[in-house]
Amino acid sequence: MLTSHSSPQLLPLDSSTPVPFGTSKPSTEPVAATGTRPAGDSVSKDRLKEQSLVKELRPRDVLESSSDSDEKVPVTKPSSLSKRKLELEVETVEKKKKGRPRKDSRLMPMSLSVQVSSDPSMYIEVENEVTAVGGIKLSRLKCSREGKEWETVLTSRILTAAGSCDVVCVACEKRMLSVFSTCGRRLLPPILLPSPISTLHCTGSYVMALTATATLSVWDVHRQIVVVKEESLHSILAGFEYRLREICKDLLGPVHSSTGSQWESTVVGLRKRDLLKELLPVIGQNLRFQRLFTECQEQLDILRDK
């Protein structure tokens with residue numbers, strides 16, 4: 001007996017025909033063969049690869065590769081915190097430098113040479129910071145006279161030196177004055193000056209020291225006595241300032257013309273005001289005479305504008 005089998009139901013191809021619930025609508029698009037990927041999926045993955053490559057090429061994520069290996073190592077950049085710390089350390093060092101008292105480079109030579117006399121031939125040579133023993137910087141003093149030399153070492157920097165045919169003396173940074181014979185023997189104990197040295201001079205057996213505070217001292221080394229002891233020169237300087245003011249006043253003359261003036265405008269054939277113009281720059285170099293310089297300069301400007 002033949003059994004009748006029901007044929008499967010065919011669905012209409014018309015999209016307008018309703019599809020019963022639970023029945024899938026067949027796709028009209030061609031289906032790729034088994035084992036192959038859709039083209040859209042490949043394109044999207046290629047785009048993802050390009051985007052990741054762009055991200056890797058950004059400056060903040062730049063990778064460096066070693067010449068000996070393909071392995072890439074990220075570039076380490078200094079953090080903002082460490083950079084700021086370094087800037088603060090530099091600022092601290094600069095502030096410390098600015099806070100230090102400045103020393104006049106002219107009074108702090110590394111080396112100097114002084115010719116004491118030509119007959120007999122005598123030279124003094126100074127060299128600072130020769131060596132350091134236990135953290136102490138040493139200075140060397142060398143004297144040469146008629147081919148014979150001697151030298152000694154001092155523990156402080158030598159600022160200036162002077163000498164004569166009888167004595168050799170040096171003034172050091174710590175206000176110490178040392179006096180030697182021309183053979184290198186110390187003639188006096190080290191002398192502590194009241195203030196830093198300004199001028200040092202020797203004549204025969206006499207040693208003169210003028211300090212920065214205008215105090216004068218003179219020693220007779222041969223007789224081992226103090227001739228002048230820390231004599232103040234402020235009164236002399238005050239008298240000098242008064243005399244200098246009188247000279248400038250005479251060179252300037254009257255600013256406003258008057259019939260009764262007996263001022264002579266020239267001296268030995270030279271115009272006095274021209275001489276004052278040449279003298280004023282020299283006066284202005286001394287801070288003590290700044291007021292005098294300003295007054296004379298202003299009055300010269302008034303005369304020029306007339």
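Colleague: Let us start with Ser144: is Ser144 buried or exposed?

Modeller: Ser144 counts as buried, because its relative accessibility is 19% and the cut-off for buried is under 20%. Please bear in mind that this is a predicted model.

Colleague: Where is the place of Ser144?

Modeller: Ser144 sits in strand E5, which covers residues 136–145.

Colleague: And which residues does Ser144 touch, not counting those up to four places away in sequence?

Modeller: With those left out, Ser144 touches Ser121, Met122, Tyr123 and Glu149.

Colleague: Let me step back to the whole protein. How many helices and strands does the protein have?

Modeller: The protein has five helices and 16 strands. It contains 306 residues, and buried residues make up 24% of them. Among contacts in the protein with a separation of 6 or more, 31% are between residues 24 or more positions apart.

Colleague: Which strands form the open sheet, and in what order?

Modeller: Four strands form the open sheet, in the order E7-E8-E9-E10, and their pairing is antiparallel. E7 and strand E10 (191–192) are the edge strands, as each pairs on one side only.

Colleague: What joins E7 to E8?

Modeller: A hairpin joins E7 to E8 through three residues. The two strands run antiparallel, and five bridges join them. Ala161 has Val170 in E8 as its bridge partner, and Ile158 stands opposite Cys172 in E8.

Colleague: How many of the six residues of E7 are buried?

Modeller: Five of the six are buried, so E7 is largely enclosed by the rest of the structure.

Colleague: What about the largest nonpolar core: which residues touch the most other members?

Modeller: That core has 18 residues, and those touching the most other members are Cys169, Leu177, Val179, Leu200 and Val207. At least two residues of this core come from each of strand E7 (158–163), strand E8 (167–172), E9, E11 and E12. In soluble globular proteins, nonpolar side chains tend to be buried together.

Colleague: Take Leu200. With which residues is Leu200 in contact, leaving aside neighbours within four places in sequence?

Modeller: Leu200 is in contact with Thr160, Ala161 and Ala162, with Cys169, Val170 and Ala171, with Leu177, and with Val207, Met208 and Ala209. There is also a second, separate core of 14 residues, which includes Met122, Leu141, Trp150 and Ile158.

Colleague: On to the rings. How many aromatic pairs does the structure hold?

Modeller: The structure holds two aromatic pairs. One of them joins Trp150 and Phe180; this pair is tilted, with 6.0 Å centre to centre and 50° between the planes. Trp150 belongs to strand E6 (residues 148–154) and Phe180 to strand E9 (residues 176–181), so the pair ties together parts that are 30 residues apart in sequence. Both Trp150 and Phe180 are buried.

Colleague: And why is the pair of Phe240 and Phe289 tilted?

Modeller: The planes of Phe240 and Phe289 are at 50° and their ring centres are 6.0 Å apart, so this pair is tilted. Phe240 lies in helix H3 (residues 234–252), and Phe289 lies in the loop between helix H4 (272–284) and helix H5 (290–305), so this pair ties together parts that are 49 residues apart in sequence. Phe240 is partly exposed at 46% relative accessibility, whereas Phe289 is buried, with a relative accessible area of 7%.

Colleague: Since H4 has come up, where does H4 bend?

Modeller: H4 bends by about 30° at Glu278, and the proline Pro281 follows within four residues. The 13 residues of H4 should span 18 Å at 1.5 Å a residue, and this agrees with the 18 Å between its end C-alpha atoms.

Colleague: Which residues in H4 are buried?

Modeller: Lys272, Leu276, Leu280 and Ile283 are buried in H4. The buried residues of this helix pack against H3, strand E15 (266–267), strand E16 (270–271) and H5.

Notes. Residues numbered from 1 in each chain as written. Predicted model: local features only at pLDDT ≥ 70, side-chain atom pairs only at ≥ 80, totals over all residues. Heavy atoms only, no water. Phe/Tyr/Trp six-rings, centres within 6.5 Å; stacked < 30°, edge-to-face > 60°. Buried < 20%, exposed > 50% of the residue type's maximum accessible area, 1.4 Å probe, protein only. Core = buried A, V, L, I, M, F, W, Y, C linked by side-chain atoms within 4.5 Å. Contact = heavy atoms within 4.5 Å. Expected span 1.5 Å × (residues − 1). Bend = angle between axes of the 7 residues up to and from the residue. Pairing = 2+ DSSP bridges.
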